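Hi,

Here is the structure I promised to pass on.

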Amino acid sequence: MTNILIAYGTTEGQTAKIAEYIADVVRSHGFEAEAVNIKDTHDVAPDTYDGVIVGASIHLGKHEKHVVKFVEQHRDALERLPSAFFSVSLAAHGDSEEAQGYVEQLEKDTRWVPPRVALFGGALLYTHYGFVKRHIMKRIAHDKPGGLGTDTSRDYVYTEWDGVRRFVEDFLTDLASARAAGSAEPN
Ligand SMILES: Cc1cc2nc3c(=O)[nH]c(=O)nc-3n(C[C@H](O)[C@H](O)[C@H](O)COP(=O)(O)O)c2cc1C
């Protein structure tokens, strides 16, 4: 049975939610899927899967270091298999140029150029942040384009779930095309 790995990094949990949603969409199409937090597992082997989606979130302009390391370590498998990358940030909600820049930096750092990339809006979880983080994030939200929320008594989620679903369905189309091309090759 076709099995898809969704390997992700998360700091406050929004990318984990997106990874689980991606796994659900994959399963709804009749395939197997495993969402794995890269930080919790050292022995995940992408080359044992039929396709890999990697995800990470942005803090202070950078994706999680352990995701960058994971991509460097497994670049061969990511290049061989149908693969995709999604980046979660506030910039993806309103400043797609900045959000795209984060991905370009990851490509430079790892020399992996994912064939499919998605930029997803993240979350402002004011009620979960400590005092200092809450106030820093309020200031950033106020200054950023895109009309981010500044009411610190509540949380804001900017992830567009329909866009996540479309990304997964496009990835599954890539997977089917790769398979069709593979089976058409002469033995
Ligand atoms: C301390 C901190 C720094 C952040 N820095 C950035 C940033 O530089 N650019 C940006 O677009 N989003 C930034 N964000 C927003 C996060 O990318 C967003 O909250 C995302 O949902 C986090 O995903 P996670 O919950 O999976 O870690 C920051 C968030 C926090 C809490």
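Let's start with helix α2 (residues 65-73) and helix α4 (residues 96-110): their axes are 9 Å apart, and the two pack at an angle of about 45 degrees. That angle is why α2 counts as oblique to α4. As for handedness, α2 and α4 make a right-handed crossing. Sorted by class, the contact of α2 with α4 has 3 nonpolar, 1 polar and 2 charged residues. By the way, this is a predicted model, so keep that in mind as you click around.

There's another helix pair to look at. Helix α1 (residues 14-28) and helix α6 (residues 161-184) have axes that come within 10 Å and cross at roughly 50 degrees. These two are therefore oblique to each other as well, and the crossing of α1 and α6 is right-handed. On the α1 side, the contact is made by Gln14, Lys17, Ile18, Tyr21, Ile22, Val25, Val26 and Ser28. Facing them from α6 are Trp161, Val164, Arg165, Phe167, Val168 and Leu172. What kinds of residues are they? The contact of α1 with α6 divides into 10 nonpolar, 2 polar and 2 charged.

If you skip its neighbours within four places in sequence, Tyr21 is in contact with Trp161, Val164 and Arg165. Now jump from Tyr21 to Asp151: they are 130 residues apart in sequence, and their C-alpha atoms are 27 Å apart in space.

Now zoom out to the domains. The chain is divided into domain 1 (3-122 + 160-184) and domain 2 (123-157). How far apart are the C-alpha centres of domain 1 and domain 2? They lie 25 Å apart. The contact between the domains takes 8 residues from domain 1 and 11 residues from domain 2.

The size of an interface is often given as the accessible area lost when the parts come together. Here, domain 1 and domain 2 bury about 870 Å² between them, with 60% of it on carbon and sulfur atoms. Which three residues supply more than any other three of the area that domain 1 buries against domain 2? They are Glu12, Leu90 and His93, which supply 55% of that area.

Cheers

Methods:
Residues are numbered from 1 along each chain as its sequence is written. This is a predicted model: local features need pLDDT of at least 70, side-chain atom pairs count only at pLDDT 80 or more; totals for chains, interfaces and linings use all residues. Side-chain values use heavy atoms; hydrogens and water are left out. Axes are lines fitted to C-alpha atoms, for helices over the stretch in contact, and angles run from 0 to 180 degrees between N-to-C directions. Helices (H or I, at least four residues) and strands (E, at least two) are DSSP runs, numbered from the N terminus. Angles under 35 degrees count as roughly parallel, over 145 as roughly antiparallel, 65 to 115 as roughly perpendicular and the rest as oblique. A crossing is left-handed if the near helix is turned anticlockwise from the far one by less than a right angle, and right-handed if clockwise. Contact means heavy atoms within 4.5 Å. Ala, Val, Leu, Ile, Met, Phe, Trp, Tyr, Cys and Pro count as nonpolar, Asp, Glu, Lys and Arg as charged, and the others, Gly among them, as polar. Domain bounds come from an automatic or database domain assignment. Buried area is the accessible area (1.4 Å probe) that two parts lose on being put together, summed over both.
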